[in-house]
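Let's work through a few exercises together. Have the sequence and coordinates open, and try each task before you read its solution.

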Amino acid sequence: MIAALALLALPIFIVILRQSQTRRYQAFVAIGLLPLLSDWPLIGYVYGWPTWSGISKGFSLSFVVMLAVALIHTNKRKISGIPFAWIFILYAIAVIISVLNSRMYLASLFTLWQYLSVVTVFLAICLEADNPKVYRSILTGFAFGLIYQSGHVIWLKLNGVGQAAGTLGHQNLLGIGVELTMLPVLAAVLAGDRRPVMFAGLVAGLICIAGTGSRGTVGIGGGAAIILIFLSLARRPDRRKFGLATVCVLAVAIAAPFALGNLKTRFQDTSFFTTETERELFEDAARSMANNNPLGVGANQYVFVSNVEGYADRFGIPWQLADRSVPVHNGYLLARAETGRLGEWAFIIAIFLPLFAALKIAVIDRKSLTGDLLIGSAMALVAVAAHSFYEFGLHLFPLQLLFYMNLGLIAAEVRARRYKLPGKALRRVQGSCASERSMPVPSVYGHGAGVISNYLEHHQRHSA
């Protein structure tokens, strides 16, 4: 039913987007917001296996992807010269090869379909985000999403929940989502975007970080925010930015005691840095699985193979649903076990090549605000690269969407500079964030969200 509604929405989106440019800006606000509305049941399956033990449950259709398809269809620009395209092809090849080695090949095709879906969203952003109003609209969606999640975090804390997860199912998943959205918003604020919604998004992000009670989220997310502030100051120091940076550092300092209080409540009299034996057992099992299957056991197959072929038994993973129903808590090892070394390297390159591209622009073109904006996405990639040593969140659909949105923001500017497109406004329009502050914030048109399923209570006991 939901899949049918999403498909029927496609022609409606196309008609609306053709009405005016303002509708496109509103659509990009929705694109940035929808992945964080993960409790909205607006993703459906044309064909699916609801009880499948893997991450991908079927061939899905979602409103956010249909909106991206509509944006691409109504885009008047030529679709060519897409940066990082070879990385996406490399990972797709790794998944296809893993299908040939898969125990349940159809389940592996679910992952390929999911990957094509997030690349579609990337393409929609890449084609237009060199327009500063499009860039601003996506960040506005991020800010609204952070505000939405912070409301749930506050509600959960008021109801006595120690580690608030927002609507993303687990505090570590919320942490990755915050890293991928709050850091680009912070960079835009430092670059001169003083809209109230952006400041509200920053405060909401800090509330989410403090409320998770997660060591990884507090350490990585908070640390990345501070590093971003110093990088932005080092790149383009001025009085206004120093003032904003001071306010941001004070906000982090105010949030820190709440975050530490949550950690103290969680660990009580034990050290915050205790090792977790079961996490190590999972990683040992994943390494053994990867060594025995150089081409991977098949995308979306880890939990199935771990249980059926005895890896969980051999490495002493407890016989309980919470432990036997989730993959290894390491995004790199999960990619290696399921899609082989080729898939792992494609996963790594997809993080670090765009990261270096963004930093290169920031260093070379220090007179424009573009670099300030892209530092936000670069630091988001740094944060999730570190977090992926402890979580598999980047393999989940909503977080994959946010990740590829950041890649799209970077790729749009790389493409504009490479081909000297007329719309390379992020570089051409000096001070775009500051000079357009009077532009009204687009309202959200359309809603939708991905759904995280079967992220079980295992994480409530074993989390970073």
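Accessible areas here come from the Shrake-Rupley method with a 1.4 Å probe, and for residues only the protein chains shown count as cover. This is a predicted model, where local features need pLDDT of at least 70, side-chain atom pairs count only at pLDDT 80 or more, and totals for chains, interfaces and linings use all residues. Residues are numbered from 1 along each chain as its sequence is written, and side-chain values use heavy atoms, with hydrogens and water left out.

**Exercise 1. Find the residues that make the nonpolar surface patch, and the helix with the largest share of it.**

Step 1: Join nonpolar side chains (Val, Leu, Ile, Met, Phe, Trp, Tyr) within 5 Å.

Step 2: The patch consists of Ile89, Ile93, Ile97, Leu295 and Leu342, and covers about 410 Å².

Step 3: Helix 4 (residues 85-100) gives the largest share, three residues. Helices (H or I, at least four residues) and strands (E, at least two) are DSSP runs, numbered from the N terminus.

**Exercise 2. Describe the largest nonpolar core and the contacts of Tyr302.**

Step 1: Such a core is a set of buried Ala, Val, Leu, Ile, Met, Phe, Trp, Tyr and Cys residues joined through side-chain atoms within 4.5 Å. Buried means under 20% relative accessible area, exposed over 50%, and partly exposed in between (1.4 Å probe, protein chains only).

Step 2: The largest core holds 141 residues, and Tyr302 and Phe403 are among those with the most contacts inside it. Helix 15 (residues 331-364) supplies the largest share of this core, 14 residues.

Step 3: With neighbours within four places in sequence left aside, the contacts (heavy atoms within 4.5 Å) of Tyr302 include Phe282, Met289, Pro327 and Leu334.

**Exercise 3. Is helix 3 largely enclosed or exposed, and what does it pack against?**

Step 1: Nine of the eleven residues of helix 3 (residues 63-73) are buried, so the rest of the structure largely encloses it. Among the buried ones are Phe63, Met66 and Ile72.

Step 2: These buried residues pack against helix 1 (2-17), helix 2 (21-33), strand 2 (58-62), helix 5 (105-126) and helix 17.

Step 3: Helix 17 (residues 397-419) is also largely enclosed, because 21 of its 23 residues are buried.

**Exercise 4. Summarise the chain.**

Step 1: Count 20 helices and two strands.

Step 2: Of the 464 residues, 61% are buried.

Note on methods
The expected span of a helix is 1.5 Å times one less than its number of residues. Patches are made of residues with over 30% relative accessible area and no salt bridge: like charges are joined within 9 Å, nonpolar side chains (Val, Leu, Ile, Met, Phe, Trp, Tyr) within 5 Å. A salt bridge is a side-chain nitrogen of Lys or Arg within 4 Å of a carboxyl oxygen of Asp or Glu.
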